[in-house]
Amino acid sequence: MISPPRRTTAYPDREVDCQEAMEPGFQAIVDCMLDAGWKRGEVMRALRRLIAADNMTQKETPGLKPSWRWRGR
């Protein structure tokens with residue numbers, strides 16, 4: 001379960017809270033990739049490229065929802 005923000009409005013540690021909420025899922029992705037045989041540097045570079053691609057997509061089509069959904073189990 002991903003923790004929601006403490007408030008719906010801005011607050012000083014909102015980005016830190018977001019990072020902490022995201023960390024278990026992030027670590028799970030990294031662990032799965034390492035278990036599959038990828039090297040940590042490859043995984044980190046791929047993640048950076050995915051973030052950059054998402055940023056470009058959002059600039060081109062603001063509000064576009066990704067076609068995939070994370071199905072944490």
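Reader: What makes Asp 17 part of helix α1?

Author: Asp 17 falls within residues 14-35, the stretch of α1. Helices here are DSSP runs (H or I, at least four residues), numbered from the N terminus. Keep in mind that this is a predicted model, where local features need pLDDT of at least 70, side-chain atom pairs count only at pLDDT 80 or more, and totals for chains, interfaces and linings use all residues. Residues are numbered from 1 along each chain as its sequence is written, and side-chain values use heavy atoms, with hydrogens and water left out.

Reader: Why is Asp 17 called buried?

Author: Buried means under 20% relative accessible area, exposed over 50%, and partly exposed in between (1.4 Å probe, protein chains only). Asp 17 has 18%, so it counts as buried.

Reader: And what does Asp 17 touch, neighbours within four places in sequence aside?

Author: Arg 6 and Tyr 11 are in contact with Asp 17, contact being heavy atoms within 4.5 Å.

Reader: What makes Arg 6 and Asp 17 a salt bridge?

Author: The rule wants a side-chain nitrogen of Lys or Arg within 4 Å of a carboxyl oxygen of Asp or Glu. For Arg 6 and Asp 17, the N to O distance is 2.7 Å, and the pair passes. The pair links distant parts of the chain, with Arg 6 in the segment before α1 and Asp 17 in α1, eleven residues apart. The count by this rule is one salt bridge.

Reader: Is Arg 6 buried or exposed?

Author: Exposed, because its relative accessibility is 58%.

Reader: Why is Pro 5 called partly exposed, then?

Author: Pro 5 has a relative accessible area of 44%, so it lands in the in-between class. Pro 5 also lies in the segment before α1. Leaving aside neighbours within four places in sequence, Pro 5 is in contact with Tyr 11 and Arg 14.

Reader: Why are α1 and α2 called oblique?

Author: α1 and α2 (residues 40-60) pack at about 130°, with axes 9 Å apart. Axes are lines fitted to C-alpha atoms, for helices over the stretch in contact, with angles from 0 to 180 degrees between N-to-C directions. Under 35 degrees is roughly parallel, over 145 roughly antiparallel, 65 to 115 roughly perpendicular, and the rest oblique. The α1 and α2 pair is therefore oblique.

Reader: Which residues make that contact?

Author: Phe 26, Val 30, Met 33 and Leu 34 of α1 meet Arg 40, Val 43, Met 44 and Leu 47 of α2.

Conventions
Helices (H or I, at least four residues) and strands (E, at least two) are DSSP runs, numbered from the N terminus.
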